[in-house]
Number of protein chains: 2
Amino acid sequence: MSDIAKAAKISRQGLYLHFATRAELLVALTRWMDEVNDVDRRLAASRQARDGETRLAAFVEAWGNYIPMIHGVGRALMAMSDSDAEAAAAWAERMQAVRHGCAAAVAALKDQGVLRDGLSEERATDLFWTLMSVRNWEQLRQGCGWTQADYVVEMQRLARAALVELP
Amino acid sequence: MSDIAKAAKISRQGLYLHFATRAELLVALTRWMDEVNDVDRRLAASRQARDGETRLAAFVEAWGNYIPMIHGVGRALMAMSDSDAEAAAAWAERMQAVRHGCAAAVAALKDQGVLRDGLSEERATDLFWTLMSVRNWEQLRQGCGWTQADYVVEMQRLARAALVELP
DNA sequence: GGGTAACTTGACATCATGTCAAGTGATGCG
DNA sequence: CGCATCACTTGACATGATGTCAAGTTACCC
């Protein structure tokens with residue numbers, strides 16, 4: 001909070017006139033970023049795809065390429081989720097939105113009859129959602145040194161292998 | 001530290017006579033748990049398997065079933081990794097050991113010629129290691145309400161789908 | 001009897017978050 | 001013009017966790 005106040009050329013206490021808590025500030029920041037980065041437009045491509053598999057790949061690309069933009073604030077929210085229920089709820093809610101995107105892609109696969117045998121839609125969504133987690137992006141990009149392009153391509157392949165019944 | 005001291009029927013300051021820092025205590029705890037739970041024996045089964053795919057499944061089972069035992073202390077170490085370099089290093093070292101297990105399973109697949117086409121051993125190891133992360137276990141077990149058995153079976157399938165070239 | 005090891009007690013430093021009270025300065029309105 | 005209001009500042013303070021330090025106490029062994 002001190003650092004942010006300094007950067008905003010405001011006193012530390014002045015910051016609390018705008019954001020009552022650290023969590024509130026971070027949440028406001030994610031909302032602002034969503035506006036600036038136009039998340040809706042990003043996800044439009046994945047919704048437009050007719051083909052289930054194309055849609056899956058498009059969603060991986062759209063969300064996968066959005067992660068780096070919110071990663072900083074996401075990290076902060078995840079870190080304080082242990083001690084701050086407000087932060088935990090805010091982050092969980094955002095991740096729930098991602099889950100809906102995952103569920104939609106899974107539903108498209110199901111509609112087309114290419115969802116892997118013996119995999120319920122819900123189970124598939126859980127799995128896909130987990131694959132697309134910010135933590136996994138972190139580990140592959142920062143822990144393993146993958147490029148962003150590597151990450152996207154490999155996750156597209158992985159998601160397909162995990163969810164699609166191969167002929 | 002207060003709570004631990006209380007549980008150990010010792011004064012808070014007395015604890016520091018045994019463990020200089022919180023991180024040191026947690027690291028000692030993981031080492032002690034490894035001994036008590038006999039990690040080596042657990043992993044032996046996965047090393048013995050002749051067949052690459054069997055070995056993969058055995059490793060997923062062994063590590064997957066070990067995660068719940070170290071999850072508490074792992075959580076604590078991960079949480080403080082942001083602010084405490086000592087804790088970060090300790091946890092990273094332990095995860096590196098898991099990575100070696102992953103690499104060995106991948107090597108077995110490669111030896112048998114069933115590693116997916118166009119996937120280098122290193123890339124495959126990165127991927128497998130990421131799939132088997134404690135965070136993913138957390139999300140599936142606690143976030144999605146999967147049972148431990150669900151988790152193991154599904155991860156075995158997923159690992160196979162991700163790494164093995166299907167005939 | 002004396003020394004040592006393990007532990008206790010109480011006090012204190014630091015650091016981040018958050019709160020509160022008492023100001024200050026610019027802006028706009030009647 | 002005068003005055004109220006809003007955004008902000010300053011300084012002080014509470015809380016809670018991690019560590020540190022000095023001065024004991026207790027038990028045990030040689």
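Predicted model: local features only at pLDDT ≥ 70, side-chain atom pairs only at ≥ 80, totals over all residues.
View 1. (Buried means 20 or more other C-beta atoms within 10 Å of a residue's own, exposed means 12 or fewer, and partly exposed is in between; C-beta atoms are placed from the backbone.) B:Arg123 sits in helix 7 (residues 121-131) of chain B. Helices (H or I, at least four residues) are DSSP runs, numbered from the N terminus. B:Val106 is 17 residues from B:Arg123 along the chain, and their C-alpha atoms are 9.9 Å apart.

Residues are numbered from 1 along each chain as its sequence is written, while chains are lettered from A and ligands numbered from 1 in the order in which they are written. Local features need pLDDT of at least 70 and side-chain atom pairs count only at pLDDT 80 or more, but totals for chains, interfaces and linings use all residues.

**View 2. Where chain A meets chain B.** Here 17 residues of chain A contact 17 residues of chain B. (Contact means C-beta atoms, placed from the backbone, within 7 Å.) On the chain A side, helix 7 (121-131), helix 8 (134-143) and helix 9 (148-163) each give two or more residues. That side has nine nonpolar, four polar and four charged residues. (Asp, Glu, Lys and Arg count as charged; Ala, Val, Leu, Ile, Met, Phe, Trp, Tyr, Cys and Pro as nonpolar; the others, Gly among them, as polar.) The copies meet through the same surface, because 100% of the interface residues of chain A are also interface residues in chain B.

**View 3. The core around A:Phe128.** The largest nonpolar core has 60 residues, and A:Phe128 and B:Phe128 touch the most other members. (Such a core is a set of buried Ala, Val, Leu, Ile, Met, Phe, Trp, Tyr and Cys residues joined through C-beta atoms within 7 Å.) Leaving out residues up to four places away in sequence, A:Phe128 touches A:Cys102, A:Ala105, A:Val106, A:Ala159, A:Ala162 and A:Leu163.

**View 4. The surface near DNA strand D.** Around DNA strand D there are 13 residues; the closest are A:Ser11, A:Gln13, A:Gly14, B:Met1 and B:Arg22. (Near means a C-beta atom, placed from the backbone, within 6 Å of the strand.) Helix 2 (residues 12-18) of chain A gives the largest share, four residues. Five residues of this surface are nonpolar, seven polar and one charged.

View 5. Of 13 residues around DNA strand C, the nearest are A:Met1, A:Thr21, A:Arg22, B:Ser11 and B:Gly14.

Methods: Contact = placed C-beta atoms within 7 Å.
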